[in-house]
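Good morning, and thank you for joining this meeting.

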Amino acid sequence: MTSTILELQNVNKTYSTAAGDFVALKNINLEITAGEFLGVVGKSGAGKSTLLNMLNGVDQLTSGEVCFQAEGERLSIHQLTEDQRASWRGKNMGVVYQSFQLLPMLTLAENIMLPMDLSNHFNPRKAKERALELLELMELAEHAHKLPSFISGGQQQRVAIARALANDPPVLVADEPTGSLDSVTADHIFDVFSQLVEERGKTIIMVTHDLGLASRFSRSLTIVDGELAEAQTEFDRTMLRRRK
Ligand SMILES: Nc1ncnc2c1ncn2[C@@H]1O[C@H](COP(=O)(O)OP(=O)(O)OP(=O)(O)O)[C@@H](O)[C@H]1O
Ligand SMILES: [Mg+2]
């Protein structure tokens with residue numbers, strides 16, 4: 001059975017700047033199914049990061065609604081207070097960025113323990129155990145007590161993914177997670193995300209510039225000037241060519 005985990009209804013986002021208002025998202029309607037690996041593609045400035053920030057509640061929308069549905073409950077996340085939304089996000093959303101964003105003075109294990117410490121879902125001993133398990137999952141167990149600057153970019157991104165999984169959220173949001181990696185490493189990171197969808201049932205929403213990767217999502221969306229364009233993946237085009 002498929003179920004909707006996130007639903008965006010008539011979402012608009014306008015940024016106010018010194019030069020006037022700028023409409024970054026126009027009337028976005030979107031349903032995301034639990035267990036989807038959804039790709040978001042589009043040119044620089046199209047509104048991809050803005051869309052992610054709306055659906056994980058990092059930033060306020062101008063109008064519309066984002067609903068999160070899990071365990072029979074439906075939550076309109078932008079109606080929560082700032083504190084409620086932060087606590088909802090800590091439990092339900094893991095975030096991965098292009099620039100990894102690991103804290104340089106903490107070891108890899110400590111970086112992963114941080115979200116668990118903040119959310120108070122795990123006692124310190126359990127948090128440490130879990131951090132080591134997640135490093136094991138990312139094949140980095142032997143580096144647990146190193147600082148981030150002593151491992152490669154691809155390894156740092158795997159630590160960032162482990163950190164995003166710390167509180168075992170159902171959804172991961174990734175903004176160009178392969179953007180600063182070479183193509184072989186990028187491919188490997190992409191495989192890690194695919195496995196999280198296939199083997200752990202995570203829902204993943206990923207922004208990418210890499211059209212080569214777009215064919216490997218279960219669905220991909222294109223944003224053009226803040227609007228959702230008709231979704232057509234490379235996969236669809238290949239299938240169409242084959243049918244001709
Ligand atoms: N805080 C802000 N204030 C004003 N304008 C903003 C702000 N954030 C983004 N914008 C504008 O909104 C538009 C969409 O930005 P967004 O960051 O979502 O694009 P993007 O698709 O993620 O681009 P990129 O691929 O370069 O990361 C851009 O024109 C950007 O300049
Ligand atoms: Mg962006």
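**The ligand site and the pockets**

A polar backbone atom of Gly-47 lies 3.0 Å from an oxygen atom of ligand 1. Please bear in mind that this is a predicted model, and that the distances I quote are computed from it.

Let me stay with the ligand. A polar backbone atom of Ala-46 is 3.2 Å from an oxygen atom of ligand 1. For Ser-49, the contact is made by a polar side-chain atom, which is 2.8 Å from an oxygen atom of ligand 1. How much of the accessible area of ligand 1 does the protein cover? On its own, ligand 1 has 640 Å² of accessible area, and the protein covers 62% of that.

Which elements give two or more residues to the shell around ligand 1? They are strand S1 (4-17), strand S2 (20-33) and helix H1 (48-55). Of these, H1 gives the most, with 3 residues. Altogether, 14 residues surround ligand 1, and the closest are Ser-44, Gly-45, Lys-48, Ser-49 and Thr-50. Sorted by class, the shell has 7 polar, 4 nonpolar and 3 charged residues.

The largest pocket has a volume of about 540 Å³. Its lining comprises 22 residues, and those nearest the centre of the pocket are Gly-90, Met-93, Val-95, Pro-115 and Leu-118. Two or more lining residues come from each of helix H2 (82-92), strand S6 (93-97), helix H3 (108-119) and helix H5 (153-164).

Which residues line the second largest pocket? They are Ile-5, Phe-68, Ala-70, Glu-71, Glu-73, Leu-75, Trp-88, Lys-91, Asn-92 and Pro-170. The elements that contribute two or more of the residues in this lining are strand S4 (63-70), strand S5 (73-76) and H2. The largest share, 3 residues, comes from H2. By class, the lining of the second largest pocket has 6 nonpolar, 1 polar and 3 charged residues.

Thank you for your attention.

Note on methods
Residues are numbered from 1 along each chain as its sequence is written. Chains are lettered from A and ligands numbered from 1 in the order in which they are written. This is a predicted model: local features need pLDDT of at least 70, side-chain atom pairs count only at pLDDT 80 or more; totals for chains, interfaces and linings use all residues. Side-chain values use heavy atoms; hydrogens and water are left out. On a 1 Å grid over the protein atoms alone, a cavity is a set of points where a 1.4 Å probe fits but cannot get out, and a pocket is an open set with protein on both sides within 12 Å along at least five of seven lines; lining residues have an atom within 4 Å of a point. Grid points are joined across faces, edges and corners, and a volume is the space filled by probe spheres set on the points. Helices (H or I, at least four residues) and strands (E, at least two) are DSSP runs, numbered from the N terminus. Ala, Val, Leu, Ile, Met, Phe, Trp, Tyr, Cys and Pro count as nonpolar, Asp, Glu, Lys and Arg as charged, and the others, Gly among them, as polar. A residue is near a molecule or strand if one of its heavy atoms lies within 4 Å of it. A polar contact is a pair of N or O atoms within 3.5 Å; within protein, one must be able to donate a hydrogen and the other to accept it, and residues adjacent in sequence count only if both atoms are side-chain atoms. Accessible areas come from the Shrake-Rupley method with a 1.4 Å probe; for residues, only the protein chains shown count as cover.
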